[in-house]
Amino acid sequence: MALTVYNTLTRRQESFQTVEPRKVKMYYCGVTVYDYCHLGHARACIVWDVVRRYLQFLGYEVRYIQNFTDIDDKILNRARQEHSSMEAVAERFIAAYFEDMAQLGIKDADEYPRATHTINGIQRLIHELENKGFAYPSAGDVYYAVRQFAEYGKLSGRKLEDMQAGASERVNVDDPEYQKKKDPFDFALWKAAKQGEPAWESPWGAGRPGWHIECSAMVRDRLGETIDIHAGGADLIFPHHENEIAQSEAVTGKPLATYWLHNGMVKVDGEKMSKSLGNFTTIRDLLGRGVDPMAMRLFVLTAQYRTPIDFTDEAIAAATNGWHTIKDGLLAGWELGKGKWELGNEISNPYVERFTEAVNDDFNFPGGLTVLFELAKKLHREKNVLVHEGKTETPIEELKIQWQTLVTLANVLGLTAQPEAPKNEQNGLSDADIEDLIQQRQAARKARNFAEGDRIRNELQAKGITLIDSPQGTRWHRG
């Protein structure tokens with residue numbers, strides 16, 4: 001089957017068709033850089049990294065943009081607490097972001113625009129909204145007139161009248177910001193400068209952009225008026241992505257994105273992750289406890305990307321065991337090929353077809369993983385047969401193709417493993433040394449000097465060399 005994806009905008013699964021043939025323009029709403037990335041960020045970044053990898057595997061040319069929100073109240077509050085600056089806080093946590101993502105095997109985006117580097121594009125978009133009657137200035141601020149956009153709510157499914165009924169008791173009419181608005185639902189595009197905060201000059205006075213307008217401007221500046229995929233966490237559907245649509249489409253008259261894709265949230269032991277509950281876990285905290293980054297990737301990929309996942313010790317233990325299975329299969333190729341196999345282009349079409357058939361169903365990575373587990377277990381079993389019986393049950397050339405298939409498909413999911421340094425470098429024994437000791441042992445046993453034979457076996461065992469005696473002779477393997 002061809003690729004189909006669930007579109008939040010239409011609330012149904014649709015055939016994937018790009019604006020330009022075989023090219024994908026993809027934007028992921030990135031992080032606000034005021035703290036270290038947590039498990040929710042890890043899930044989102046892994047999911048969209050693998051979606052990008054899979055589209056490339058299918059032959060698409062993908063331009064992948066991920067932004068940094070580097071001006072925000074949270075960043076400014078952190079800067080005040082640390083007696084620092086907005087720029088210093090942002091730079092520190094952008095650097096930390098790249099460190100964390102490198103550990104998780106996340107490929108770099110093609111570009112990482114920042115809000116503070118897009119001020120001209122933001123002001124241009126606000127000016128166009130104002131000219132078209134969708135925005136109005138008020139005491140140094142500029143607001144978006146929500147009721148002017150007839151399709152407001154089409155992404156989230158929310159209706160203004162329903163929201164108005166629920167919000168009537170929560171409105172503080174004495175709030176100065178509320179008093180600036182013509183309508184309670186209007187939101188800020190530009191905020192007037194406050195004392196001690198960074199500000200930029202604009203036609204409306206010194207100030208800084210609102211959050212929502214930043215992404216609209218960055219999408220437009222880097223990818224154009226209509227993109228193929230706009231991705232992010234489900235918590236961004238409303239109001240952030242809803243407001244992006246209202247801002248962008250009011251100006252261009254074109255869809256901002258063909259497909260809106262959203263990953264589910266992360267819970268910790270059944271509860272929403274939050275600092276107040278004490279279950280807030282950063283990526284570096286988790287990896288610092290010894291969790292393998294590949295096990296973390298596998299944990300994320302074993303759940304359908306749109307559903308919530310529950311982070312528990314048991315789930316991570318299961319993912320770790322699962323990763324060991326796949327890793328054993330990946331590394332089995334080095335032993336089956338005696339370290340001489342090099343990754344080639346020849347792969348097994350039946351396995352690839354089953355993998356793509358599964359994943360083409362709205363990025364069903366759990367379904368794709370079943371193919372990897374099957375290959376990994378088969379290769380690991382054949383490696384054991386080779387060690388204990390001296391030959392494999394499946395022709396070695398066929399096993400090489402299966403190994404290449406496993407490595408290729410695992411790489412699509414960002415799951416990689418490299419063999420450890422050769423043991424002979426660690427124990428000082430070359431293959432020739434081992435063969436010589438085996439000959440000495442055989443000679444001792446022929447002379448009925450069994451104590452010397454046992455001593456040689458024990459010496460080899462202590463250095464990680466296992467001997468296997470059979471009627472056909474003595475074989476050995478490291479580890």
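When I speak of a helix this morning, I mean a DSSP run of H or I with at least four residues, numbered from the N terminus. Please also keep in mind that what we are looking at is a predicted model.

Let me start inside the protein. A search of the whole structure finds 1 cavity of 30 Å³ or more, and the space in this largest cavity comes to about 50 Å³. Which helices each supply at least two residues of its lining? They are helix 7, residues 211-223, and helix 8, residues 237-252. The lining as a whole consists of Leu125, Ser216, Arg220, Gly224, Glu225, Ser248, Thr252 and Leu256, and by class these residues divide into 2 nonpolar, 4 polar and 2 charged.

On the side of helix 4 the contact is made by Gly121, Ile122, Arg124, Leu125, Ile126, Glu128 and Leu129, while helix 7 contributes Ile213, Glu214, Ser216, Ala217, Arg220 and Asp221. Sorted by class, this contact has 6 nonpolar, 2 polar and 5 charged residues. Leu125, Ser216 and Arg220, which take part in this contact, are also among the residues that line the largest cavity.

Two or more lining residues come from each of helix 1 (39-57), helix 8 and strand 11 (266-268), and the lining divides by class into 15 nonpolar, 10 polar and 7 charged residues.

Finally, I would like to turn to another helix pair. Helix 11, residues 313-336, and helix 14, residues 396-412, pack at an angle of about 140° with their axes 10 Å apart, which makes helix 11 oblique to helix 14. Their crossing is left-handed. Helix 11 takes part in the contact through Ile326, Gly329, Leu330, Gly333, Trp334 and Leu336, and helix 14 through Ile396, Leu399, Trp403, Leu406, Val407 and Ala410. How many charged residues does the contact of helix 11 with helix 14 have? There are no charged residues in it, and its members are 10 nonpolar and 2 polar residues.

Note on methods. Residues are numbered from 1 along each chain as its sequence is written. This is a predicted model: local features need pLDDT of at least 70, side-chain atom pairs count only at pLDDT 80 or more; totals for chains, interfaces and linings use all residues. Side-chain values use heavy atoms; hydrogens and water are left out. Axes are lines fitted to C-alpha atoms, for helices over the stretch in contact, and angles run from 0 to 180 degrees between N-to-C directions. Angles under 35 degrees count as roughly parallel, over 145 as roughly antiparallel, 65 to 115 as roughly perpendicular and the rest as oblique. A crossing is left-handed if the near helix is turned anticlockwise from the far one by less than a right angle, and right-handed if clockwise. Contact means heavy atoms within 4.5 Å. Ala, Val, Leu, Ile, Met, Phe, Trp, Tyr, Cys and Pro count as nonpolar, Asp, Glu, Lys and Arg as charged, and the others, Gly among them, as polar. On a 1 Å grid over the protein atoms alone, a cavity is a set of points where a 1.4 Å probe fits but cannot get out, and a pocket is an open set with protein on both sides within 12 Å along at least five of seven lines; lining residues have an atom within 4 Å of a point. Grid points are joined across faces, edges and corners, and a volume is the space filled by probe spheres set on the points.
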